[in-house]
Amino acid sequence: MQKPPKMTCAAFLLLLILTNGGSCKVCSYQDVLNYLNLTVDSSMFRLTRPVLDHTHITVVKLDIIVYAILAVVEKTQTFVPFIWASKQWKNELISWDPAQFCGITQISVPKDLLWKPDLYINEMIEKDDSPQNPYMMVTFDGTVFAGDNIRVVSTCKMDVHKFPFDTQECSISIGSAIHCIKEIRILPSSNSSRVTQFSQQIMKTQGEWEFLRLSVNNSILSYDNKSWGLLIYTVTIKRRPLLHVINFLLPILFFLSLDLASFFISDHRGEKLGFKVTVLLAISVLLLILNEILPAMSNRTPLIATYCIVIFALMLLSLLETILVTYLIEKDELGSQENWESKRKNTKTKNCDKDNEKRTVCKSICGDSDKGKQHDLLPGLEEVNSSLQSGETHVLLLILDELKKLQKAVSLHLSYREKRVKLVSWARRINRSFFIVYTITVSLFLYLMFREWNS
């Protein structure tokens, strides 16, 4: 039996050793950290900007996704979104060969171990208190990935001219605090259409606002012969006006319709005046509610404020017109009542005088007849007949005088009645004319307001 060659045996043994050794090798992330000398005590990775040459520019790629719109406060002009910010940059001091560590291409390390770009939001007015991600990812070529969830309380210059049919644009400007553009350059990882699409997909809550788009632009801030790179994200949102239309615009329109309908209420009583005052007070309450919503200062007067003030002024004019008409009618009624009372007094006095005159005539006739009894019969009868004739003549004169006075009273009454009819007709004409002008003015104003809101 032949023995195998020595070369064949040696090759077989070497292959067996290599196979067993490869299957038994174990790699861990700690091996990579030990290789990089990346420990808590090592400060070389977090003290300065991680470049091998100070002239190298650190490029930071940034992405922002709007996760939710928490609040938009018009009174204080603040915009509160909840965003997810991811950034990546190159650390030139870190690299390893994945083949030496069982194919490990990335590791996660605490954020305190490595240098991070000093990015901040210019519009932020409150410190973020949301929980932070304590780790970031490092790849074998030195690329560092970090992501944070941020509740941004930012200032936003709002234009409430078309409230509640307004569209607002709020900016989130991100830049470095101390590193100028020659040291750090900030670039977007995704374009505007991509971040808008991704934000619409993951949007959780919007409240009364509808998210429209998220646009990104680069800008440069220059000051004192230095320039800083800025990345500006502009969030465009549109208000959902249904709640404000139901709770505010429609009630004012209903009150205005009630004020128009009040022209058909009779002016002879005080019900119309009290009704108009009640409607005017209701508009005043809505104006107080509007004052709590809108900001104290604005570049242009909000259309809804103009809408309320003009309607309030029209209803005030309507109230003044009602007061004028009511005054004219009450003045006419008081004048006719005084005339009637004076006529009744004059009639009573005249009747009393007439009765007294009749009594005196009767007494004189009776006195003459008694005296005639003492004389002869024939001369007494002649005297009685003459006295009777003189008494009847006196009574007829009194009746004629009374008829003349009655004629004067009737003519005076008719003249007062004509004046009253003229006064009431003038009041009705004023009411009718004001109603027509009022209706045309309200219709034209509402048309102009809604056209301005839709423009």
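Nonpolar surface patches were built from Val, Leu, Ile, Met, Phe, Trp and Tyr residues with over 30% relative accessible area and no salt bridge, their side chains being joined within 5 Å. A salt bridge here is a side-chain nitrogen of Lys or Arg within 4 Å of a carboxyl oxygen of Asp or Glu, and accessible areas come from the Shrake-Rupley method with a 1.4 Å probe, only the protein chains shown counting as cover for residues. The model is predicted: local features need pLDDT of at least 70, side-chain atom pairs count only at pLDDT 80 or more, and totals for chains, interfaces and linings use all residues. Residues are numbered from 1 along each chain as its sequence is written, and side-chain values use heavy atoms, with hydrogens and water left out.

One such patch, of about 470 Å², is made by Leu396, Ile399, Leu400, Leu403 and Leu406. Of these residues, Ile399 is found in helix H7 (helices are DSSP runs of H or I with at least four residues, strands are E runs with at least two, and both are numbered from the N terminus). Ile399 is partly exposed at 37% relative accessibility, where buried means under 20%, exposed over 50% and partly exposed in between (1.4 Å probe, protein chains only).

The whole structure contains 12 aromatic pairs. Rings of Phe, Tyr and Trp (its six-membered ring) pair if their centres lie within 6.5 Å; planes under 30 degrees apart are stacked, over 60 edge-to-face, and the rest tilted. Phe264 and Phe435 form an edge-to-face pair, because their ring planes stand at 70°, with the centres 5.5 Å apart. Phe264 lies in the loop between helix H4 (242–261) and helix H5 (271–293), whereas Phe435 belongs to helix H7 (residues 377–454), so the pair ties together parts 171 residues apart in sequence. Phe264 is exposed, at 68% relative accessible area, and Phe435 is partly exposed, at 24%.

The pair of Phe450 and Trp453 is tilted, since the planes are at 55°; the ring centres are 5.7 Å apart. These two residues are three apart in helix H7, and are therefore separated by about one helical turn. Phe450 is partly exposed, with a relative accessible area of 36%, while Trp453 is buried at 4%.

Elsewhere, Thr139 is located in strand S5 (residues 135–139) and is buried, with a relative accessible area of 11%. Its side chain makes a polar contact of 2.4 Å with the side chain of Asp141 (a pair of N or O atoms within 3.5 Å; within protein, one must be able to donate a hydrogen and the other to accept it, and residues adjacent in sequence count only if both atoms are side-chain atoms).

Methods. Patches are made of residues with over 30% relative accessible area and no salt bridge: like charges are joined within 9 Å, nonpolar side chains (Val, Leu, Ile, Met, Phe, Trp, Tyr) within 5 Å.
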